[in-house]
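Colleague: Could you walk me through how some of the helices pack here, and then one of the pockets?

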Amino acid sequence: TLSSLAASLGDQLPASPLDSIPTRDAECLKSLVRQIHCMMSRVCCPCILREHCISLLLAIYCSTDSSCRVKLLKLNALAVLIGLLCSVSSLDVGVMKSLTASRGCQEEATRIAFALCLIQTVLSPKLTEVVPMQDESELDLALRNVFLKLHPSVKLREAVPGFCRKIEREMRPFLTAASLFFYCLTGIPFATESTGSAGFFSLCRYLALPTSWSSVVSFLDPENCDGVGPLVQGWCQALDSSPLPVKIAAPFGELRKLIDLPREYFTIVDQAATFRCPKSSSQANGSRAPTLCLVCGTILCLQGFCCQTEIENEMCGACTAHCRQCSGEVGVFLMIRECQVIFLAGRDHGCFYPPPYFDEYGERDVGLRRGNPLYLCDAAYGKLQNLWTKHEIFKTVMADIDKHPAAHAAIRWRLL
């Protein structure tokens with residue numbers, strides 16, 4: 001939720017950190033973060049929690065086992081930050097004090113996650129993409145030289161114009177998500193300054209991280225014992241000594257988006273024409289109501305007795321059963337022969353939603369009655385993507401039930 005919220009905000013932060021979501025959702029998110037942080041040791045088995053924390057600390061600080069450090073580079077930086085903060089209470093007080101020196105646990109965990117996200121950003125292929133910008137500045141050169149010290153085999157031998165700006169662009173979602181986490185945990189708001197370097201370093205200031213690129217260079221310098229340079233250098237050395245190629249995790253976890261739809265609607269219709277129900281004995285005829293899951297791209301039978309499944313002593317349709325495995329009982333489906341979108345929220349609730357396909361006159365054709373060619377509207381599908389990314393499917397379904405209670409009650413949603 002924090003990741004999707006940070007990605008949807010982008011560079012445009014609201015006046016208050018959680019103004020972009022409903023008040024009920026904001027309060028729920030705050031309570032969830034605080035409960036996870038305070039009650040993890042009570043909910044989870046102490047042995048498992050301690051083992052998880054020790055495995056993270058070994059991957060960060062262990063200088064003898066290179067395989068542990070390689071595993072660290074495969075982890076999402078935000079997950080490392082939250083994992084450390086929620087599990088460190090399972091350790092003895094003296095253990096963490098010996099690791100964090102004069103800094104507190106939160107500050108040390110934030111510094112580690114920031115350095116991890118930074119090195120993953122530099123090692124990502126996106127950073128070497130050619131972007132028309134001005135010549136390489138002195139700060140770009142200084143930062144690039146530091147990374148060459150840390151990881152001599154990194155592909156930064158040639159000048160990278162706008163090196164700092166590219167890092168800001170890639171790391172901004174991580175800083176936003178981390179700031180949202182600490183805001184939910186502590187209630188202390190963070191400044192929402194303008195975009196660019198000012199906004200980037202305002203988030204760094206909130207997280208007690210370096211507040212300028214010159215301080216970042218010093219922070220990463222392997223000769224600076226007060227920074228994280230020696231740790232990052234150890235991670236990079238472990239990467240070089242690995243016998244197998246290592247897939248570095250994305251700087252900020254990949255968000256699960258809806259599938260890419262074809263530009264022309266008849267492509268989906270042709271795909272559905274070849275679909276045969278996997279549970280039907282008769283393969284001569286295709287499904288009467290093929291339905292496309294917009295989360296994973298699977299085609300299912302809608303309202304077909306052949307694909308009904310018993311779940312907790314209740315018969316459920318193929319789409320309802322598929323939601324449990326695919327998207328946690330929240331589903332987004334496209335009825336192919338009706339050109340209609342269906343939202344499912346749980347087993348007993350759902351609603352219809354306008355499709356993202358329009359004809360050349362800018363009109364939808366629900367039911368495919370007119371027969372005009374339909375084309376994908378990026379704006380309409382982007383709106384559908386936002387509903388999915390911001391977890392607003394339930395909200396949309398409940399709003400539709402309030403408007404049309406009789407129509408909702410007439411449909412047995414669990415059999416879809």
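Modeller: Happy to! This is a predicted model, where local features need pLDDT of at least 70 and side-chain atom pairs count only at pLDDT 80 or more, while totals for chains, interfaces and linings use all residues. Residues are numbered from 1 along each chain as its sequence is written, and side-chain values use heavy atoms, with hydrogens and water left out.

Colleague: How many charged residues does the contact of helix 7 with helix 9 have?

Modeller: Contact means heavy atoms within 4.5 Å, and the residues making it include Phe-114 and Leu-118 of helix 7 and Glu-170 and Phe-174 of helix 9. Ala, Val, Leu, Ile, Met, Phe, Trp, Tyr, Cys and Pro count as nonpolar, Asp, Glu, Lys and Arg as charged, and the others, Gly among them, as polar. By class, the contact has 12 nonpolar residues, 3 polar and, for charged, 1.

Colleague: How do helix 5 and helix 7 run, roughly parallel or roughly antiparallel?

Modeller: Helix 5 covers residues 77-87, and its axis comes within 9 Å of that of helix 7, crossing at roughly 165 degrees. Among the residues that meet are Leu-81 and Leu-84 in helix 5 and Ala-109 and Ala-113 in helix 7. Given that angle, the two helices are therefore roughly antiparallel.

Colleague: Which classes make up the contact of helix 5 with helix 9?

Modeller: These axes come within 10 Å and cross at roughly 25 degrees, which makes helix 5 roughly parallel to helix 9. Ala-77, Leu-78, Leu-81, Ile-82 and Leu-85 in helix 5 meet Phe-174, Ala-177, Ala-178, Phe-181 and Phe-182 in helix 9. With no polar and no charged residues, the contact comprises 10 that are nonpolar.

Colleague: Which helix gives the largest share of the lining of the second largest pocket?

Modeller: The second largest pocket has a volume of about 670 Å³, and Thr-1, Thr-389, Lys-390, His-391 and Glu-392 are the closest to its centre of the 23 lining residues. A pocket is an open set of points on a 1 Å grid over the protein atoms alone, where a 1.4 Å probe fits, with protein on both sides within 12 Å along at least five of seven lines; lining residues have an atom within 4 Å of a point. Grid points are joined across faces, edges and corners, and the volume is the space filled by probe spheres set on them. The largest share, 5 residues, comes from helix 2.

Note on methods
Helices (H or I, at least four residues) and strands (E, at least two) are DSSP runs, numbered from the N terminus. Axes are lines fitted to C-alpha atoms, for helices over the stretch in contact, and angles run from 0 to 180 degrees between N-to-C directions. Angles under 35 degrees count as roughly parallel, over 145 as roughly antiparallel, 65 to 115 as roughly perpendicular and the rest as oblique.
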